[in-house]
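Reader: I'd like to go through this one with you and hear what stands behind each label. Can you show it first?

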Amino acid sequence: MSDIGNTGQAALAPEKDPSAAASGPPGGKRAREGAGATGGLLRRAGVVGGAVAVAIVVALLQSGSGLVVWQSVVTGLLMGGLYGLIAMGLTLIFGVLDIVNFAHGALLAVAMFIAFGVVQGTGLHPYLTLLVAVPALFLLGGLVHRGLLSGAGGGSLENQLLITLGLSLLLENGLLMFFGAEPKNVPLPGDFQFSLFGAVVSGARLYAFIGALALGGLLFWMLRHTRLGTSIRAVAANSEGARLVGINVTRIHTLTFAIGTACAGAAAVLAAPLVTVTPTLGEQFNITAFVVVVLGGMGNVAGALVGGLLIGLVEQLTTIYMNGQSSLLGVFVVFVVVLFLRPEGLFGRRAGDSS
Amino acid sequence: MTASTDGLLQVSGVGKAFRGLHALADVEFAVAEGEILGIIGPNGAGKTTLFNVVCGALAPDTGRVVLGGRDVTGAAPHRIARAGMVRTFQLMRPFGSMTVAENVGLAAQHERIPARKLRERSLEVVERVGLGPYAHRRATELPTAGLKRLELARALAMRPRVLLLDEVLAGLVPAEREPVLDLLADLREKDGTTLLFIEHIMAAVMRLADRVLVMDQGRVLAAGAPEEVTGDPRVIEAYLGEEPAAAEPRAAGEGADREDRTRADS
Amino acid sequence: MSGVTLAERPTDRPVKAPPLRPQNRQLLVLLTLLVVAIPLPLILPPAQGAVAVRILIFLLMAVGWNIMSGFGGMFSFGHAAYFGLGAYTSAYLLVEHGVSPWIGMLAGMAVAALVAVVIGYFAFRYKLRGAYFALATFAFAEMLRLIVTSTEFTNKAVGFTVPLIQGSSLSLIQFPADSHAYYWIALALAGAAVAVSIWFLHSRTGRYVTAIRDDELAASSLGTPVMRYRLVTVALSAAITAVAGAFYTQYYLFVNPDLAFGSAVSIQAIVTVVIGGIGTIWGPVVGAVIVGSLNDVTATLLRTPPDFLSFLQGRSGLDVVLYAILLVLIVRLLPKGIVGTILERRRR
């Protein structure tokens, strides 16, 4: 898709065959709009803000209760923070490696079972399992990339989709085989609830939100201000060029994949007290994370966080529209609309579009 | 618009910008039936973009393209091709999973002729470009020179009135160029085909073209008979900016560079 | 695939095409396979009958998916949509209006094709490629699942149960459980689907579709109406997949949103073809036999597990684990699938 090496080479060829642009995804018109930089961004932020406001008003009319809507908004935003963290890992992997990781949700489920297992086995505080789950997922991610995705066999986009799909089936059903299908809980000791202007908020939800924002911020800072982060961004922008200035691209790819799955690991621990843990739970999160990634712009880490908050809202508001059913339906509607009308995402600049 | 009858193909005021960069600006020319028009210009002059716009791969921002009195501006590529204007690609674009004959047959398919005639026609064209022995081989097995001929063969199978050739000679060694040049001359003689060809090899342009269009930075710099145009100081200047007497040596050492571009394009 | 001897041939005479045109050869192979397959239920132990029918249902799905994703190069992650539409259309017509499932099957094909054309039109119109296309198809299938799950007239999450009749009826596609008729009907449908895919691949339409897959711009520059042939491809693909769904409902007498529209269905179709060989005629056949019997092998294994596997008794998931491993291995080691790799070797 947005092949990074491709852009570099085409730019080297003096009379670049513009037919490549003609057959590439979004037409030139849209690209030009994107060049209108910050003005366009502000305008789009306005449109999104307006749409959210309208959606909230409609929800108010539908439910007739301000409290219900307020509760949804609060719950939605809090959950959205977690979605953002999960999606950050996914979008990072896409932006740098061009891999759509279908196994992201399954890896998240693995991390949840690690958290569950550690809490069961040692009685550790759930949040302390971060110390186990995050390194474990980091390693697992690194192994997956080295073992399955790097090298010749992981070449084409379809192959990568298929490998990560196979991996997700493998992990999910592996968990099913060893832990069975019975749902499990990771209760948070000393959990409490409080009222935020009338909306009920549980401590676990608030901690998860704060933790997600903090970790997301940490990731963002790491990308901006560390040597590793600079290398990752260099590889994302132009892997050929990065290779020329002495960056070990394969190593960066592996590290990026590992960091991406570690994000899923962290999100899993934070989310564990909020959900019932089952082997197939990753699927739901995976779908939502994809939507968030597309919404925020594939490869756009900051966009993923904003997209997460939006999708958290959409999910909760859909529940109001549909009288409690199919919170995912609204998510998909948003997804399809964005996919068609703005495939580079709301805050978009796709990884390969930056030539 | 003044739909004058002397131009089979008329291009007027065509402009095309990519992100604010003018790839084509106010390009204007006409080609008469049976004429051979050479298009030259330094790299990045917009020659290939012009073909893309004329054949519908890209829609122009401004201007119009009229073929045989019919406005085809911005029409889908397949409509323009079926209307009789067919192009080849500078970077070869074979259908990799088909044989050479199937590649060629595809181009003749739209005429809805019976299967046997279709096969005969495609083999005939394959023979004509000298690919006969390779007819039932996979297109991907052809060497560069063969792929160039395949590009040509596919376009010929459409029986075009106007044929646009994008550097058909590039990547061929001099011995391989002769038969292609003969074939092009033959096309005009026997089939009455109108030809537009982008070419860096000046000798070929001088030999074949009735008229030459010189492009630079997206504009038509000069147009006229080959001898006139090559003596034009503006043209010489445009070329001096790049590499003097570029054409001949460039073509020979071009293999590697070209392959790079093929990859970048695919 | 002969006719490669070169320069010795006098070049002024056209080179002969291979003696038997490939489509005729493939149809001949299909005919042979069918002749061998027809008496199978009379020979096999009765328990294997169900496996055979399941293989044939997989085969139908796989042929459908392969036409769009293999021949057409449009990688679909949402074929559950068309399977489900086939299943639900025929089930709805039968349960609510007493319409024969044969007619329901045709209606399901039409509905699936129509939906595929609409989805396809937008996806192609907005030039969705690669990952975006895959995600879009996936999203549409999931949306259909959610819509069906929350809609009254499709019985929400409950789905449809086919009303049982006494005895057997061909027009209602219902027979005693141990009847061979299900197998023969499935065989006829699957055979027809393979025949259609052979015909399609070698038809002029198929050539256009292959050309568009290989190089869209080159194809359109040679007069191929890209949008039209893409839509034809997705419509045919969806229609065949819908047949699988409609037959599935009749065979298992029951369908619900997850069974019909769940992502597992899409994955099933993908895995089958990838293992067999994407874009080949026989890939779906080989893949269906492998994946279909894998389910049965693991089921037997788990019923009476050997000692080292005894902890797995009563646990589900092993079959999927096995085919997931197979999928990853095939993609890594034989990216063209089993059939594709064999063809490749033979050509050299």
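Author: Let's start with angles: those under 35 degrees count as roughly parallel, over 145 as roughly antiparallel, 65 to 115 as roughly perpendicular and the rest as oblique. Axes are lines fitted to C-alpha atoms, for helices over the stretch in contact, and angles run from 0 to 180 degrees between N-to-C directions. A word on the source: this is a predicted model, where local features need pLDDT of at least 70, side-chain atom pairs count only at pLDDT 80 or more, and totals for chains, interfaces and linings use all residues. Residues are numbered from 1 along each chain as its sequence is written, while chains are lettered from A and ligands numbered from 1 in the order in which they are written.

Reader: What makes helix 9 and helix 10 of chain A roughly perpendicular?

Author: The axes of helix 9 (residues 203–225) and helix 10 (residues 227–237) of chain A come within 5 Å and cross at roughly 80 degrees. That angle falls in the 65 to 115 range, so helix 9 and helix 10 of chain A are called roughly perpendicular. Helices here are DSSP runs (H or I, at least four residues), as strands are (E, at least two), numbered from the N terminus.

Reader: Which residues of helix 9 and helix 10 of chain A meet?

Author: M222(A), L223(A), R224(A) and H225(A) of helix 9 meet L228(A), G229(A), I232(A) and R233(A) of helix 10. Contact means that the C-beta atoms, placed from the backbone, lie within 7 Å. By class, this contact has 4 nonpolar, 2 polar and 2 charged residues. Nonpolar covers Ala, Val, Leu, Ile, Met, Phe, Trp, Tyr, Cys and Pro, charged covers Asp, Glu, Lys and Arg, and the others, Gly among them, are polar.

Reader: Why does D214(C) count as buried?

Author: A residue is buried with 20 or more other C-beta atoms within 10 Å of its own, exposed with 12 or fewer, and partly exposed in between. D214(C) has 20 C-beta neighbours inside 10 Å, so D214(C) counts as buried. D214(C) lies in helix 8 of chain C and, leaving aside neighbours within four places in sequence, is in contact with F95(B), G96(B) and S97(B).

Reader: How many residues does chain C bring to the contact with chain B?

Author: Chain C brings 25 residues and chain B 29 residues. Helix 8 of chain C gives the largest share of chain C's side, 5 residues. That side divides into 13 nonpolar, 7 polar and 5 charged residues. Towards chain A, 37 residues of chain C are in contact with 39 residues of chain A. There the largest share of chain C's side, 12 residues, comes from helix 6 of chain C, and the classes are 26 nonpolar, 5 polar and 6 charged.

Reader: How do you know that the span of helix 6 of chain B agrees with its number of residues?

Author: The expected span is 1.5 Å times one less than the number of residues. For the 18 residues of helix 6 (residues 174–191) of chain B that should be 26 Å, and the end C-alpha atoms are 25 Å apart, which agrees. G192(B), with a positive phi near 70 degrees, follows helix 6 of chain B.

Reader: Which residues touch the most other members of the largest nonpolar core?

Author: I86(A), A111(A), A115(A), A267(A) and L60(C) do, out of 311 residues. Such a core is a set of buried Ala, Val, Leu, Ile, Met, Phe, Trp, Tyr and Cys residues joined through C-beta atoms within 7 Å. Helix 5 (residues 66–97) of chain A gives the most to this core, with 16 residues.

Methods. Contact = placed C-beta atoms within 7 Å.
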